[in-house]
Amino acid sequence: MDSQRHLFDIPAGVTYLNAAYLGPRLHSVDAAGQEALARTGQPWTISPPDFFSGAESARERFAQLVGGDADGVAIIPAVSYGVATAAKNMPLARGQKVVVLEEQFPSNVYEWRDAAARAGGGLVTVPRPADSDWTRAVIDRIDVYTGIVAVPSCHWTDGTVVDLVRVGEAARAAGAALVVDATQSLGVRPLDVGAVRPDWLFAAGYKWMLGPFSLGYAWVAPERRDGDPLERNWLTRAGAEDFAGLVRYTDEFALGARRYDMGERANFHLMPMGIAALDQLLSWGAEEIESYIEALTDEIADGATSLGWDVAPRQSRSRHMLGLRRAGGIPEKLPNLLAEANVYVSVRGDSIRVSPHVYNDATDVARLLEALERA
């Protein structure tokens, strides 16, 4: 795979190493959005089947991305929406606890903190391990009191990985459920729900998946698909395709995880953009994307280490994102100094988070290292 920068709206001279923050837009996604916006200006061109076809297309594509079935996919606006739905359908027994990572992204923490408190249990926060081996650290904290293990595919601050297959096995052995926030890896790192076997898995679509803001996805295990949705909307009901028959209310839901879809999921502006982004990701393939980015992150890790920065061991970090740390912390002015050099990264926790994508190349790596050394 070669650099795909020509497919994005990234000006020459800009080094954007911040996919974990916001994904830049593909030209194809822009085109889909512009066409969709023009179409919604002429509503007589939109027919009742259009309320369903876009969502089904996105559902099928997301299912391919995670190796699951389309009936297990729900359309959601944000990970927090999905987590709230999961919490509603997996009430904790008295005294049960929820396992999370230290400094985990809050969308997969706040809901569980409240749920665990109501159950008289509480959160079990796994401290950051000195060797960056989150997998072992998480498994060590799972016991008979664990009701839910709510973890990411990799830590959002520095890309250190969680082996979801092993953690899932440990959770099931303890009778606990597995809830995964895959936002910071899905699309660029292969994931198979058949191997991981999550009860619920969520991903925001606007970062690595290069889609629009406010459009995300969930995959729900077969045994969790007959639950109680977060909201009551007409699109998720059986027979909703018959607009004339909507006056005949029904308690029956559409098939599978569709009952968990957000209201107005047809979203004629955003859905075509999300589909265009998914099409491009599937065309490249997660394996190819990860392999391409891996060469960049390895080069960044080597160069940053030579400049005195600390990087997690290679076996503990993901191939697409890494965090740079150093004794004494990050100088307060460093992010601004990098931005002045048109090098864009994020500071998350105590690390500089560097997250390249397929629009980056060796030139961007050199600019980052040069800017770090100069700053």
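Is the crossing of H2 and H8 left-handed or right-handed? The crossing of H2 and H8 is left-handed, where left-handed means that the near helix is turned anticlockwise from the far one by less than a right angle, and right-handed means clockwise.

## Basis of the model

The model is predicted, so local features need pLDDT of at least 70 and side-chain atom pairs count only at pLDDT 80 or more, while totals for chains, interfaces and linings use all residues. Residues are numbered from 1 along each chain as its sequence is written, and side-chain values use heavy atoms, with hydrogens and water left out.

## Helix H8 and its partners

Two packed helices are described by the angle between their axes and the distance between the axes. H2 and H8 pack at about 30 degrees with axes 9 Å apart; axes are lines fitted to C-alpha atoms, for helices over the stretch in contact, and angles run from 0 to 180 degrees between N-to-C directions. H2 and H8 are therefore roughly parallel (under 35 degrees; over 145 is roughly antiparallel, 65 to 115 roughly perpendicular and the rest oblique). Helices (H or I, at least four residues) and strands (E, at least two) are DSSP runs, numbered from the N terminus. On the H2 side the contact (heavy atoms within 4.5 Å) involves Gly54, Ala55, Ser57, Ala58, Arg61, Phe62, Gln64 and Leu65, which meet Met271, Ile275, Leu278, Asp279 and Leu282 of H8. These residues divide into eight nonpolar, three polar and two charged; Ala, Val, Leu, Ile, Met, Phe, Trp, Tyr, Cys and Pro count as nonpolar, Asp, Glu, Lys and Arg as charged, and the others, Gly among them, as polar.

H8 also packs on H1, at an angle of about 155 degrees and with the axes 8 Å apart. H1 and H8 are therefore roughly antiparallel, and their crossing is right-handed. H1 contributes Ser28, Val29, Ala32, Gly33 and Ala36 to the contact, and H8 contributes Pro272, Met273, Ala276 and Ala277. By class there are seven nonpolar and two polar residues in the contact of H1 with H8, and no charged ones.

## Helices H9 and H11

The axes of H9 (residues 286–306) and H11 (residues 362–374) come within 10 Å and cross at roughly 20 degrees. H9 and H11 are therefore roughly parallel to each other, with a right-handed crossing. Leu296, Glu299, Ile300, Gly303 and Ala304 of H9 touch Ala362, Val365, Leu368 and Leu369 of H11. Seven of these residues are nonpolar, one is polar and one is charged.

## Pockets

Rolling a probe the size of a water molecule over the atoms shows where empty space is left. Here the search runs on a 1 Å grid over the protein atoms alone: a cavity is a set of points where a 1.4 Å probe fits but cannot get out, a pocket is an open set with protein on both sides within 12 Å along at least five of seven lines, and lining residues have an atom within 4 Å of a point. Grid points are joined across faces, edges and corners, and a volume is the space filled by probe spheres set on the points.

The largest pocket holds about 350 Å³. Its lining has 26 residues, and Phe105, Thr183, Ala204, Tyr206 and Lys207 are the closest to its centre. The lining of the largest pocket comprises 13 nonpolar, nine polar and four charged residues.

The second largest pocket, of about 250 Å³, is lined by 15 residues, with Ala36, Arg39, Gly54, Phe268 and Pro272 nearest its centre. H1 (27–40), H2 (50–66) and H8 each supply at least two lining residues, and H1 has the largest share, with five. Nine residues of this lining are nonpolar, three polar and three charged.

## Cavities

How many cavities of 30 Å³ or more are there? The count is two. The largest cavity has a volume of about 40 Å³ and is lined by Ala74, Ile76, Tyr81, Gly82, Thr85, Trp200, Phe202, Ala218, Val220 and Tyr260. Strand E2 (73–76), helix H3 (79–89), strand E7 (200–204) and strand E8 (216–220) each give two or more residues to this lining. H3 gives the most, three residues. The lining of the largest cavity has eight nonpolar, two polar and no charged residues.

The second largest cavity contains about 30 Å³ of space. Gly205, Met209, Gly211, Pro212, Leu215, Tyr217, Gly274, Ala277 and Leu278 line the second largest cavity. H8 (residues 271–284) provides the largest share of this lining, three residues. Six of the lining residues are nonpolar, three are polar and none is charged.
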